[in-house]
Amino acid sequence: MDFLLECIGFPPDYPMADLVRHVLERGEPAPWRGEARDHRRLALGGGLELRMDRTDPSQNWNVLPYFHAARRLRVAVDDLRPLPDSPFDVLLHSWVAPPVDPAERRLRRGAYRLCVNLMDARKLPASIDYGHVLAIQTAGFALDIAGVTAQEAADHEPAIEPLRGDSNPGGCADLSLRVRSVSRFINDITGLEIQALELDAPEFPLTVFVSPWELEQRALPAPRVGGTIQGSFLFLGSIAAGIGQPARAAGRRFG
């Protein structure tokens, strides 16, 4: 998924070998993953990170972007699905904006489904009840941008739809949302600007990142506050609260 790294300031032609070297030389162990020799992270500033993993020393490194979102998203657990090839990750299928009162069974107005790839599965207990409320930190990274409108769209109807089916990677969703704000960072390695888009999702804003090279290739304008963006995004995140004392064993069965 090298193209996801374009979302955080790495050009399409950036040498992967150089990136791996940077993380190995300057990074540190990734929390709640596994052995430090196989799971590394490197802070890029502004809450952005590179996460680097491998399942075996003979295999290539897998490098992904990660962002520590300032906002916590309250979600009700719908399902938790382990990933067979990665015991340190779990797919969380959830409802965003659950009732504040657990005794209230009805979903709140504006509630929607969201699937997130949680990268700290080792925190989870052996089982979690359906509807259990968690606080998570998550951000989306563009897989494909279908459209960007720069003009004001105050009356835009928000749309969020998780991607389903075996052909789609877990943790992905189609979004059509209004841009609420744009924050800018500098990639410490490449010196290039990164833009974090805060989108007007129901109840709680969502933070996403897009590739400027994809926008240029498709002749799309840069996202602007008040405009809209449509596309598919991979959501990566972590657990912020709602589980009590974290577990420390990976590879468990979720219920």
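Guide: The model is predicted. Its largest pocket has a volume of about 560 Å³. The lining is made up of 24 residues, and those nearest the centre of the pocket are Asn-62, Leu-83, Asp-85, Ser-86 and Asp-89. By residue class, the lining splits into eleven nonpolar, eight polar and five charged residues. Three strands each supply at least two lining residues: β4 (62–67), β6 (86–96) and β13 (228–241). The largest share comes from β6, with five residues.

On strands, β9 (residues 159–162) can be read residue by residue. In a regular strand, side chains alternate between the two faces of the sheet. Strand β9 runs antiparallel to β10 (residues 172–186), and four bridges join the two. Within this pairing, Glu-161 is placed opposite Asp-174 of β10.

On cysteines, a search of the whole structure finds zero disulfides. Cys-115 is in no disulfide: the nearest cysteine sulfur belongs to Cys-172 and is 7.7 Å away, whereas a disulfide needs the two sulfur atoms within 2.5 Å. Cys-115 has a relative accessible area of 4% and is therefore buried, the cut-off being under 20%. Cys-7 also counts as buried, because its relative accessibility is 2%.

Key
Residues numbered from 1 in each chain as written. Predicted model: local features only at pLDDT ≥ 70, side-chain atom pairs only at ≥ 80, totals over all residues. Heavy atoms only, no water. 1 Å grid on protein atoms, 1.4 Å probe; cavity = no way out; pocket = protein on both sides within 12 Å on 5 of 7 lines; lining within 4 Å. Points joined across faces, edges and corners; volume = space filled by probe spheres on them. Nonpolar A, V, L, I, M, F, W, Y, C, P; charged D, E, K, R; others polar. Pairing = 2+ DSSP bridges. Buried < 20%, exposed > 50% of the residue type's maximum accessible area, 1.4 Å probe, protein only.
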